[in-house]
Amino acid sequence: MCGIAGMFNLDGGAVGPESLLGMIQMLVHRGPDDTGLYSENGVGLAHARLSIIDLAGGHQPMSNEDSSLWITFNGEIFNYLELREELLSRGHRFATNSDTEVILHLYEEKKENCVEYLNGQWAFAIWDNQRRRLFLSRDRLGVRPLFYTQVKKTFIFGSEIKAIFAHPGVTREIDVDGLDEVFTYWCTIPPTTLFRNIQELPPGHSMTVDGTGIAVRPYWHHQFEKASGAVDPAREQSYAEELLDLLADATRIRLRSDVPVGAYLSGGLDSTITTALVKKVTNAKLRTFSISFDNAEFDESEFQNEAVRFLDTEHQDFRCTKNQIAEVFPDVVWHAEKPVLRTAPAPLYLLSRLVQNSGFKVVVTGEGSDEMLGGYDIFKEAKIRRFWKSRPDSKVRPVLLRRLYPYLQNIQNQSDCYRKAFFHIDVDPNLQPFFSHIPRWQLTAKLKTFFSDAVRAEISGDDGYSKVRSQLPQRYPSWDSFCQAQYLETKYLLPGYILSSQGDRMAMAHSVEGRFPFLDHRVVEFASKLPISLKMKVLNEKYLLKRCARGLIPPSIAKRSKQPYRAPEGCSFLQPAAREYMDDLLSPEQIRRDGIFDAPAVTKLVDKFRMGTAIGTKDNMGLVGIVSTQLLIHQFIRHFEARTAPHDA
Amino acid sequence: MTLNDELRQFVTDNFMYGKPYKGFADDDSFIERGIIDSTAVMELVAFLENRFRIKLLDQDLVPANLDSVNGLARFVESRLPPNFSKACDPSRIVLGV
């Protein structure tokens, strides 16, 4: 795992090594082991390396035999050994044992279609000297990030936006459309980012840059089969066996590494399964890592300990406090590069620091299971809402909503009139393509109350979700609503928040690479064809996965209800560690100077927290969103030069 | 400050963060206008119980009582103990949530 950056002067002008070096130095946290530069013929590639495969031979940027191709690559190609064998049999000769070189030889054969053969997580750029073309690609699900911009005749790219900002020609401004998207969907919608003129290459897309311009095209689509009916027991058994085989193989190839691999263990179903599958492949004592909290509301250590005992791993736990969340939050935002509405990335930042301090560079984790196999509450909630909508006068059906959120006190004591309003029972699921997500998006959009009048005037005010609507696949209306909800989670929140703000960015802040068996595209494509009843049987989430897990993991973990990963929210910012930046960033004068938020509204919200009366989701998301946005403005717009390299807490 | 003024102030400060939309009227539905969410109902109940020393039962938690400034005022008036002074210092209120 690494950091990449580069530029291409379309007018052929020389690329100075100083600019390249300045850019890649911003990414040294992603690759502290080695730095490499290549510059020739108007193109420059840079690489910061975290050595994981072929420690001696994997220096980058790397060329093919005749130096007609050069690559800078962030990620892992897990099927590189199989691809290498095929390429060898077709006469290719390799100078290294790295997966990087496999991409180059595959490109020689397949050109831009090479990505279709890759099983992995990647962001890379290949300079094709003969065609004078830069080819860039990002993995199917968006595990690895890639951003770009164009300044006059210069195309500039990087793993993180801070590398692009290090280029002297790039200006830094907030894009209020990106802000508007975060305060609706929890994430930006590619190609938009939080910064004006900085674009994100969407997951599953490649792009070419040459004399004819920039062309972005998708090479993979997340598709679902039309809903199917009942599944007989024999067929169910074969589905379970197939899923387990696929997951075992996805895990096996994700252990390919020349450094030790550890595992995250949250105490939930998914990471316990991936840890169990790792254990089946390796003989050595497995190292596992987890987060726990003092506050019982968030803590899962009871289940973590049970998994550790059952799987016999060598375990380390990071016990996270509110003050630690406050302490590292500025660094969390620096790495996330977009506002966050939850503090949940902060404990993951602290966890990756523990992993790094323990001498590990690679962890296997369970992300992606909830999206692919039907685990999220939002899927269940939509199912219950649809069920209630079909009999609006039922007194029994809404009770299911109370059972769905036992940890949310506010849901428990409400009358049905309120539940109908808050869960949008008036929305017709047959007419609204975003039925599952309307409650979340509408609740989040209420945070725009905090925007200043100027920002509110500038944002489009589009509440019809037209951008997302325009990106929907043609076959989307024919899918079952359950699959539609899965699609929305996988397309937007997974790459835009889970895999970035909580994933790549928090792990790579401490040079730790996450590997995700549930995001192997074979697993994803298999899961998208499964009958829905095997994902959620009545209201039993991840039904088929639980069946696969029998005997693999402790029965209590297989049976437990899903607990969403959460962390202490707005109250963290009342801790001593936050005092200095809260006073600076949220003072009425500073809020007015920065111009994004309404100063009196922010003061009212902060007062509410100080009085102890801020209890709601809106208050908490509002404060976290405001603090993170203010930190971004100060770190990236106002004082970027002062932060020439990332610093740690 | 009248009862309506006080209730309106609470709703404006706590649910609209001091930024009422233009034309915010005492009969406007909090639900229809998107002023409250599920936790806001809890905040509202806590405020009423502490400020006016009344106890709300589950059957009281309906929009007829809690969904507009006028609805709140009618409900509070109907429940106020005879000797209650509405002029107590709101800054001393501690919400019990």
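Residues are numbered from 1 along each chain as its sequence is written, and chains are lettered from A in the order in which they are written. Because the model is predicted, local features need pLDDT of at least 70 and side-chain atom pairs count only at pLDDT 80 or more, while totals for chains, interfaces and linings use all residues.

Leaving aside its neighbours within four places in sequence, A:F124 touches several residues, including A:I4, A:I71, A:F73, A:I103 and A:L136.

Helices come next; they are DSSP runs of H or I with at least four residues, as strands are runs of E with at least two, and both are numbered from the N terminus. Helix 7 of chain A, residues 269–281, has 13 residues and reaches 19 Å from its first C-alpha to its last, close to the 18 Å expected at 1.5 Å a residue, a span found as 1.5 Å times one less than the number of residues. Because 11 of its 13 residues are buried, helix 7 of chain A is largely enclosed by the rest of the structure.

Elsewhere in chain A, A:F183, A:T184 and A:Y185 in helix 5 meet A:W441, A:T444 and A:A445 in helix 16.

A:H222 lies in the loop between strand 12 (213–218) and helix 6 (233–253) of chain A, yet A:H222 is buried, with 21 other C-beta atoms within 10 Å. Leaving aside neighbours within four places in sequence, A:H222 is in contact with A:Y487, A:T490, A:K491 and A:S528. A cis peptide bond runs from A:Q60 to A:P61, with omega near -5 degrees, and A:P61 is in the loop between strand 3 (43–49) and strand 4 (62–63) of chain A. Another cis peptide bond joins A:P190 and A:P191, with omega about 10 degrees.

A:S67 is exposed, with 10 other C-beta atoms within 10 Å, whereas A:K111 is partly exposed, with 14.

Chain B has 4 helices and 0 strands, and buried residues make up 30% of its 97 residues. The contact between the chains takes 21 residues from chain B and 24 residues from chain A. On the side of chain B that touches chain A, the elements that give two or more residues are helix 1 (3–15) and helix 2 (38–52) of chain B, and the largest share, 6 residues, comes from helix 2.

Methods. Two residues are in contact if their C-beta atoms, placed from the backbone, lie within 7 Å. A residue is buried if 20 or more other C-beta atoms lie within 10 Å of its own, exposed if 12 or fewer, and partly exposed in between; C-beta atoms are placed from the backbone.
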